[in-house]
Amino acid sequence: TFNDKIRDAVHGGYSTDPQQIRRQGFINGQSYDWNGHFYNKRFRHDLRTTTDKLRINLAGSLQDFHIIDQNDHEVSGLELEGAGYTQDPQETVNYISKHDNETLFDLNLFKMPLGKSGTAVTSMKERVRAQNLGLSLVGFSQGIPFFHLGSDMLRSKSLDHNSYDSGDWFNRVDFTYTKSNFGVGLPPAWNNQSRWGIMSPLLRNSKFDPHQEAILDNVHHFREVLKIRRSSPLFRLRTKEEIQQRVQFHNMGKNQKDGLIAMSISDTVGANLDPNHQNIVVVFNADKFRQKITIPDLAGSAMALHPVQAHSRDDVVQSASFQPNTGEFEVPPRTAAVFVNPE
């Protein structure tokens with residue numbers, strides 16, 4: 001089934017309601033970069049609940065995968081508001097946008113902070129990084145990844161909520177990576193008219209129209225995500241037993257750092273699935289600031305940034321680091337950094 005659990009946790013979910021559409025998720029600012037809307041979902045407690053749900057989703061959305069919640073209690077995926085619902089990782093199709101509803105770029109335009117009258121407060125660079133972080137969460141989750149056409153090129157439908165009958169004008173995809181199709185006009189009335197007042201100033205603002213360099217940043221990031229996923233079978237575990245045995249989360253409980261998920265996948269237990277890596281650690285930092293996380297068990301190991309990211313087009317992810325003497329990872333803002341320990 002298409003997994004709307006991970007979708008809603010990542011970006012806050014869909015809605016035709018002018019206010020509900022502002023609801024934020026992990027990648028676009030919940031608690032750490034509040035947009036001024038949806039007051040009852042802006043607190044640290046809410047972000048931590050969202051983060052716990054994402055941990056379960058990263059673990060194949062298994063019903064009986066256990067984590068330590070923000071109250072230092074062990075909870076299962078089924079107990080955590082149904083975030084876990086599968087018996088097997090092949091049962092979840094992980095996605096954050098698809099053909100119906102807004103594109104990921106358009107959703108983030110509604111959800112990331114705006115100035116008065118819809119002026120640009122969040123920079124295009126930050127919007128690209130938020131989009132890339134969302135793709136990384138899908139790409140590095142256990143289960144079946146699904147990516148919406150154009151989510152790797154900042155595709156816009158000019159904020160259209162449901163473009164099934166909107167024609168090529170709103171559904172156009174530019175494979176020259178020159179235009180995102182943002183700002184081509186107000187989308188049709190049937191699913192959009194209630195929000196035309198919000199849309200109009202946004203669509204007229206050229207600062208929200210991605211230039212080619214920003215589009216290419218998204219394009220190349222997505223290719224890197226695919227290369228990394230393909231580089232190890234540890235990202236594609238086949239059974240719930242393998243996930244329960246090998247996938248572990250760090251930075252949990254009441255003393256956790258907000259907006260940070262640290263996931264390790266081990267090849268030191270069970271059969272040797274990956275001839276190249278003993279361990280993989282993925283650190284998702286959604287915050288606007290660099291963050292550090294120490295995993296003491298990895299002190300003294302040879303963990304290093306994945307070669308794909310060490311040679312990335314993105315010089316920000318290249319600054320992610322690991323200190324072998326302490327086991328400390330440092331990850332720049334709005335970044336998913338992947339570290340590997342050679343076999």
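Predicted model: local features only at pLDDT ≥ 70, side-chain atom pairs only at ≥ 80, totals over all residues.

Q: At what angle do helix α1 and helix α2 pack?

A: Start with the directions of the two axes. Helix α1 covers residues 4–11 and helix α2 covers residues 44–58. They pack at an angle of about 140°, and their axes are 9 Å apart.

Q: Why are α1 and α2 called oblique to each other?

A: Compare the angle with the cut-offs. Roughly antiparallel needs an angle over 145 degrees, and the angle here is about 140°, so α1 and α2 are oblique to each other. Their crossing is left-handed.

Q: Which residues make the contact?

A: From α1 they are K5, I6, A9 and V10, and from α2 they are T50, K53, L54 and N57. By type, the contact residues of α1 with α2 divide into 4 nonpolar, 2 polar and 2 charged.

Q: Where do nonpolar side chains tend to be in soluble globular proteins?

A: In such proteins they tend to be buried together.

Q: How many residues has the largest nonpolar core here?

A: It has 41 residues, and those with the most contacts inside it are F26, F65, L137, F249 and F284. Elements giving two or more residues to this core include α1, α2, α4 (124–139) and β8 (277–285). Helix α2 gives the most, with 4 residues.

Q: What is F65 in contact with, leaving aside its neighbours within four places in sequence?

A: Its contacts include I56, A59, V75, I243, V247 and F249.

Q: Which residues does the second, separate core include?

A: That core has 22 residues, among them L107, I198, M199 and L202.

Conventions. Residues numbered from 1 in each chain as written. Heavy atoms only, no water. Axes fitted to C-alpha atoms, helices over the stretch in contact; angles between N-to-C directions. Parallel < 35°, antiparallel > 145°, perpendicular 65-115°, else oblique. Left-handed = near helix turned anticlockwise from the far one by under 90°. Contact = heavy atoms within 4.5 Å. Nonpolar A, V, L, I, M, F, W, Y, C, P; charged D, E, K, R; others polar. Core = buried A, V, L, I, M, F, W, Y, C linked by side-chain atoms within 4.5 Å. Buried < 20%, exposed > 50% of the residue type's maximum accessible area, 1.4 Å probe, protein only.
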